[in-house]
Amino acid sequence: MNRHERKEDEVRRLLSAGHPQVPGDLTARAVARGVRLLRRARVLRRIGWTLFALAVVAFLVWASVARPWEAPPVDVPPPLEGF
């Protein structure tokens with residue numbers, strides 16, 4: 001018996017074994033799980049966007065207070081040379 005015939009026999013045995021019993025409430029449980037997964041994904045997405053918005057606001061507040069684009073004030077004048 002070659003490999004192909006063994007595979008064919010195994011498939012025939014699996015098909016002739018019959019079908020397993022499926023619980024009657026399987027559809028209801030699958031729908032409920034899908035609803036939970038969608039709700040969880042929606043909540044996580046809202047939390048992510050909220051955190052992103054808070055980070056943008058925090059950056060804008062910091063930038064308006066720190067003004068990183070301006071040069072820092074010079075406390076000590078440069079030394080005079082060549083007098």
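The cut-off for exposed is over 50%. Keep in mind that this is a predicted model.

Now, the partner. The side chain of arginine 12 meets that of glutamate 8 in a salt bridge. From N to O, the distance is 2.9 Å. Why can such a pair form? Side chains of opposite charge can pair when their charged atoms come close. Look at the helix, too. Arginine 12 and glutamate 8 both sit in helix H1, which covers residues 3-16. They are four residues apart, so about one helical turn separates them. Glutamate 8 has 33% relative accessibility, and that makes it partly exposed.

How many salt bridges does a search of the whole structure find? The search finds three.

Next, arginine 29. It forms a salt bridge with aspartate 25. Their closest N and O atoms are 3.8 Å apart. A salt bridge needs that distance to be within 4 Å, so this pair counts. Arginine 29 is partly exposed, at 45% relative accessible area. Aspartate 25 is partly exposed as well, at 40%.

On to arginine 67. Which residue does arginine 67 form a salt bridge with? The partner is glutamate 70. Here the closest N and O atoms lie 3.5 Å apart. Arginine 67 has a relative accessible area of 41%, which is partly exposed. Glutamate 70 is at 43%, and it counts as partly exposed too.

To recap, the search of the whole structure gives three salt bridges.

Technical notes:
Residues numbered from 1 in each chain as written. Predicted model: local features only at pLDDT ≥ 70, side-chain atom pairs only at ≥ 80, totals over all residues. Heavy atoms only, no water. Helix = DSSP H or I, 4+ residues; strand = E, 2+ residues; numbered from the N terminus. Buried < 20%, exposed > 50% of the residue type's maximum accessible area, 1.4 Å probe, protein only.
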